[in-house]
Structures are given as structure tokens and as C-alpha cells.
Amino acid sequence: MAERAHQLPGGHRDAGRETSSLEVRGVEDVEAGSGGGELMAPPFSRMPIRETAGQLLRFGMATGLSALVSLGLPVILHELFRVDPKVAVGISQATVLLMNFVTLRLFVFRGTGSVRGDLMRYFGSAAFFRGLEYLSFLALFELAGLFYLTALVITLVASTLIKFVWYRFMFGRNAAAVG
């Protein structure tokens, strides 16, 4: 009488029907002593604390590298090679955009999905976040009357935390196992 389910990619069980990220535990789970009729969290949310901590550490390192290149490359280009500051900042921004994609996908979250799909989602996300950061800055600076540097720091800290969660979701869906 026990209904047997089979595994789908991503760890979802299926008994001849489509499943969603949240599904009701089946008979096998009851037999295994894990209870029944409960909603299971998607596999992504069951990531061990240790892996999450590792991702946070790697994200912090990638963010630091990004900040260093964002600030350092224009200075080097302008001061040593006499590149116009506007061009130097543009070069550094383009460099950081690509560098962040590579570090987030390969180093921080170790994604294994389609490079093209991840790249398109990343660029769309990056553009969205830049716009959101600017609007948040304006709201804090103009509407709330905060000092511009305070508004900028609050905006960037909040945005960095939100980006960690978003990029973890985006790249983590097809993450490689960390050994």
C-alpha cells in the first residue's frame, strides 16, 4: 500500500505527478520516521550552516576584491597611464561587472548552470540593483535628510546583504557539491 516516489533532479520526489519546491512529505518519509503531511523546504533552504558561512566568507572576500578594483584601477589608469578619469572609471566598472560575475558564479556559490543563462540573469540583476541602490540613496538623502555619506553607507550595506541572498538563490540552484 506504500506509495513509492522516485527522485527528480534537485531532490524533489515525484509519484507520477509534477511537484513544486514545497511538497507534502510522502509515505516513505513516514516510514523513515520523519513525520508525514508536513511541508518540506526546498533543497536550497536546507543548506548546512557551514556551507552558508563559507559562502558568506567567500562573498565578503569577493566584495573586498571588487571594492579594491573599483577604487584602485581608476587611480592606476589615471595616475600612471594618464587615462582620462571618466574613461578610467568606466573601464573599472566594466571590469568589476565581469569580475563579479566570475567570482560569484565560480568562487562564492560554485554554480554549474548555463553560463549564458546565469550571465543574462546576472546582468539584469546588476542593473536592477544599481537602480534600486540609487533610488534608496535618494530617498535617504533627499527625503529623510541624512548626510550623503550616511545614506550611501546604509544603502550599500543593505544592498550587499540583499545581493548575497539573491545571488545565492540565482547561482545556488545549480551549485556544485563542495567536497
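Is the crossing of H2 and H3 right-handed or left-handed? In this model, which is predicted, the crossing of H2 and H3 is right-handed.

**The protein as a whole**

| Pair | Angle | Distance between axes |
|---|---|---|
| H2 and H3 | about 160° | 8 Å |
| H3 and H4 | about 125° | 11 Å |
| H2 and H5 | about 125° | 11 Å |

Helix H2 spans residues 49–81 and packs against H3 at an angle of about 160°. Because angles over 145 degrees count as roughly antiparallel, H2 is roughly antiparallel to H3. When the residues in the contact of H2 with H3 are sorted by class, there are 17 nonpolar, nine polar and one charged.

Helix H3, made of residues 85–108, also packs against helix H4, made of residues 115–143, and here the angle is about 125°. That angle makes H3 oblique to H4, and the crossing of the two is right-handed. On the side of H3, the contact is made by Leu-97, Leu-98, Asn-100, Phe-101, Leu-104 and Arg-105, and on the side of H4 by Val-115, Asp-118, Leu-119, Tyr-122, Phe-123 and Ala-126. By class, this contact of H3 with H4 holds nine nonpolar residues, one polar residue and two charged residues.

The remaining pair in the table joins H2 to H5, and its angle is about 125°. That makes H2 oblique to H5, with a crossing that is right-handed. Thr-52, Gln-55, Leu-56 and Phe-59 are the residues of H2 that meet Thr-160, Lys-163, Phe-164 and Arg-168 in H5. The contact of H2 with H5 divides into three nonpolar, three polar and two charged residues.

**Two residues of helix H5**

Arg-168 has its place in helix H5, which covers residues 148–172. Its relative accessibility is 14%, and because buried means under 20% relative accessible area, Arg-168 counts as buried. Arg-168 and Gly-111 are 57 residues apart in sequence, and in space they are 9.2 Å apart, C-alpha to C-alpha.

Ser-159 is also found in helix H5. Is Ser-159 buried or exposed? With a relative accessible area of 7%, Ser-159 is buried. If its neighbours within four places in sequence are left aside, Ser-159 is in contact with Phe-129 and Glu-133.

Conventions. Residues numbered from 1 in each chain as written. Predicted model: local features only at pLDDT ≥ 70, side-chain atom pairs only at ≥ 80, totals over all residues. Heavy atoms only, no water. Axes fitted to C-alpha atoms, helices over the stretch in contact; angles between N-to-C directions. Helix = DSSP H or I, 4+ residues; strand = E, 2+ residues; numbered from the N terminus. Parallel < 35°, antiparallel > 145°, perpendicular 65-115°, else oblique. Left-handed = near helix turned anticlockwise from the far one by under 90°. Contact = heavy atoms within 4.5 Å. Nonpolar A, V, L, I, M, F, W, Y, C, P; charged D, E, K, R; others polar. Buried < 20%, exposed > 50% of the residue type's maximum accessible area, 1.4 Å probe, protein only.
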